Amino acid sequence: MFKKILIANRGEIAVRILRACRELGIQTVAVYSDVDRASLHVRLADEAYHIGPAPSRESYLRIDKLMDVAKKSGCDAVHPGYGFLAENPALPRACVHAGLTFIGPSAEAMEAMGSKTAGKQLARRAEVPTVPGTSEPVENSEEAQALAQNMGYPILLKAIAGGGGKGMRVVPNDAAFAGAWRDAASEAMNAFGDPRVFIEKYLVGPRHIEIQIFADVHGRCVSLGERECSVQRRHQKVVEEAPSPVVTPELRRKMGEAAVRLGRAGGYTNAGTVEFLVDADLNFYFLEVNARLQVEHPVTEQVTNLDLVKLQIAIAAGHRLPFAWETITPRGHAMEVRLYAEDPDNNFFPSPGKIISRHAPTGPGIRLDEGVYEGWTVPMDYDPLLSKLIAWGNSREETIARLRRALDEYTIMGIRTNVSLFRRILTDPEFVRGEIHTKWLDEVLARPRPPAVPPLQGTEQAVLIAAALWHSTSSDHASPGSAGPQSSPSRWKMEGRRQHMDHKP
Amino acid sequence: MKFEIELSGPDGKKKHGLEFERKADASSVTIDGKAMNADAVQVSPNAISVLLEGQSFEIHLTRSIDGKIKLRCGPHEFSAEVIDPRAWRGRKHGAMEVEGRQEIVAPMPGKVVRLLVAAGDAVGAGQGLLVVEAMKMQNEIRSPKNGRVERMIAKEGQAVNAGEVLAWVE
């Protein structure tokens, strides 16, 4: 087993990985940019090293600096997390060169499967059904537009190196082509350092269902079942669940076999996700492989009772997958919502800033994977994912009720979050019935907003009382952005305290 | 103790009168002339638990940039401006005069795009000192008082974090 692991990431996933390492008795090394000195992953790690300024191209994407840190600190393995360099074959190559184990697939498997066009070619060879489209990156805009016209609109432009909806554009008609091409390419360049884009026919109203696979270095490859991630806002997953409300045991077996076939064909090792689009008749089409751990891996963990990060580490260390896992079936139901620092009332604008106060939900069936804390300033330089709130239960109904309960308990003051979006999704009758597809959320958001639930009788009076109390305890230092009232006693506060005491038995 | 509170919330904006008193074994509060049994306890620096006629409410509070109190109760948001009886003496309503050297701090992370004044300049209360761009919005940071710019710490083009000191006004 490894002695020390470099975590080449930040935020909640860096925290998730270092927790697994700690449980395994492995030392952790974190890296951070100028704006992440006070971030949770740095605070929790055994060692942490500065790797550059805030822009990720000068810090978290610098392989040379990461290798320096790994060598200097005596690491024997590197975990890339997701995003940043997780799907860049240059990182596993650099690791091999430096004598480090990369916790993930080999550079060759990443190239054979991770890039969208290569993955599609491999899928065709492995007899996994695919969506019609180009299997090569298209070199220039004119050639691409001609192809799009042949295929018939709507079409989808996707970054070769992409993921997470970046560098992706739906083109509804010919007139919109040129602008969309330019945006997709420049977004891809900024996010991944690779502007190449390819074209795909755009299916109307499909579900997004993906299979989690795991492959060891001894030739065993297994499926850990599906996750449904159809609730997306502009191609970005927002809610994920396992199992899917529509997948039957028969379909699960067929999709699992297809995914495993693909993994074997690509010589894949470690954790990977094979994404499919599923149409109304439950036909499935290969979409792409994510050659890394997924953001939404916790829902699979909750229904399989496995720790996927520990499993990744064990496989990278050469351990074998047990035979029994070839017939793993999900137990119960799990669902995850992605809480972002963004304002749903203002076009989902990012809302960085200081978290002045925070109350996190707990209790049965609730898990919170996050990299935030009270008093931390959410930097404006990275993806604004704050927390992943995960609930599980015996049924989908119980799971949804738990998530709603947990969201009611969850309070963050100081920055805006998208909590209200989830209140809306989780009470929507279509969502509750499982009638969702990849365009569903965009359609819901285009509808007039349902009337807000009026506050309970008495809310306004309670708020007035709170305002008066808080004012009287904090008026001496009414400075903006301050963390709260000082402890200087006021008559009101003393009064409140005394009453509280009086009421105790 | 008496308070006058201007509250904005889901039902619009309205002024309320609130009076708090303590009786033998229960506390009562009078809101807009109506007496109610109430108990309020500060449970954390930014949260107050209110029991109103037995009903339990949890209110989360922060100070907003304009000095008002932002409150949240479940999904509902409110903004309150409290006119404190203690603050009444001799103060002009709405325009509090601040004394002494004031630190001008960035209200949110962003980038300084323009300086409007330089060290040594005389400034009036409410006059723009500099412009900070955050999330593609330009925000003018204003002087809280009449005085003189003692130091201009921020530089054009500089990235600033929330709470970072930009200038001193004396």
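A residue counts as buried here if 20 or more other C-beta atoms lie within 10 Å of its own. Keep that cut-off in mind for what follows, and keep in mind too that this is a predicted model. In chain A, helix α4 spans residues 90–98, and its buried residues are Leu91(A), Pro92(A), Ala94(A) and Cys95(A). Those residues cover an arc of only 160° around the axis, so they sit on the same side of α4(A).

Just past the end of α4(A), Gly99(A) takes a positive phi of about 75°.

Ala107(A) belongs to helix α5 of chain A. Leaving out residues up to four places away in sequence, Ala107(A) touches Pro89(A), Pro92(A) and Arg93(A). Take Pro92(A): 15 residues separate it from Ala107(A) in sequence, yet the C-alpha to C-alpha distance is 5.5 Å.

Is Ala107(A) buried or partly exposed? With 19 C-beta neighbours inside 10 Å, Ala107(A) counts as partly exposed, because being buried takes 20 or more.

## How α5 crosses α6

Next along chain A comes helix α6, residues 116–125. The axes of α5(A) and α6(A) come within 5 Å and cross at roughly 80°, which means that α5(A) is roughly perpendicular to α6(A). On the α5(A) side, the residues that meet the other helix are Glu111(A), Ala112(A), Met113(A) and Gly114(A). Their partners in α6(A) are Ala118(A), Gly119(A) and Leu122(A).

## The nonpolar cores

The largest nonpolar core holds 112 residues. Which of them touch the most other members? They are Ile5(A), Leu6(A), Ile7(A), Ala30(A), Val78(A), Ile213(A) and Phe276(A). Domain 1 (4–103) and domain 3 (207–446) of chain A both contribute residues, so this core lies between them.

Leu6(A) gives you a closer look. Setting aside its neighbours within four places in sequence, Leu6(A) is in contact with Val29(A), Leu66(A), Val69(A), Ala70(A), Cys75(A) and Val78(A). Apart from this core there is another one of 31 residues, and its members include Ala466(A) and Trp470(A) from one chain and Ile31(B) and Ala47(B) from the other.

## Where the chains meet

The contact between the chains takes 49 residues from chain A and 54 residues from chain B. On the side of chain A that touches chain B, the elements giving two or more residues are the strands β16 (349–350), β17 (353–354) and β22 (411–413) and the helices α13 (419–427), α16 (459–474) and α17 (491–503). Of these, α16(A) gives the most, with 15 residues.

## Chain B at a glance

Chain B has zero helices and 16 strands. It is divided into domain 1 (2–87) and domain 2 (102–169), and 33 Å separate the centres of the two, taken over C-alpha atoms. Of the 170 residues in chain B, 31% are buried. Among the contacts in chain B with a separation of 6 or more, 42% come from residues 24 or more positions apart.

Most residues other than glycine have a negative phi, and most peptide bonds are trans. A few spots here go the other way. The peptide bond from Tyr153(A) to Pro154(A) is cis, with omega near 0°, and Pro154(A) sits in the loop between α7 (141–151) and β6 (155–163) of chain A. Another cis bond joins Ala242(A) and Pro243(A), with omega about -5°; Pro243(A) lies in the loop between β11 (236–242) and α9 (249–265) of chain A.

As for phi, Arg234(A) is not a glycine but has a positive value of about 50°. You'll find Arg234(A) in the loop between β10 (221–233) and β11 of chain A. Over in chain B, Asp32(B) has a positive phi near 50°, and its place is the loop between β3 (27–31) and β4 (34–44). Arg234(A) is partly exposed, with 13 other C-beta atoms within 10 Å, and Asp32(B) is partly exposed with 13 as well.

Definitions and conventions:
Residues numbered from 1 in each chain as written. Chains lettered and ligands numbered in written order. Predicted model: local features only at pLDDT ≥ 70, side-chain atom pairs only at ≥ 80, totals over all residues. Core = buried A, V, L, I, M, F, W, Y, C linked by C-beta atoms within 7 Å. Buried ≥ 20, exposed ≤ 12 C-beta atoms within 10 Å, placed from the backbone. Domains from an automatic or database assignment. Contact = placed C-beta atoms within 7 Å. Helix = DSSP H or I, 4+ residues; strand = E, 2+ residues; numbered from the N terminus. Arc of directions from axis to C-beta. Axes fitted to C-alpha atoms, helices over the stretch in contact; angles between N-to-C directions. Parallel < 35°, antiparallel > 145°, perpendicular 65-115°, else oblique.
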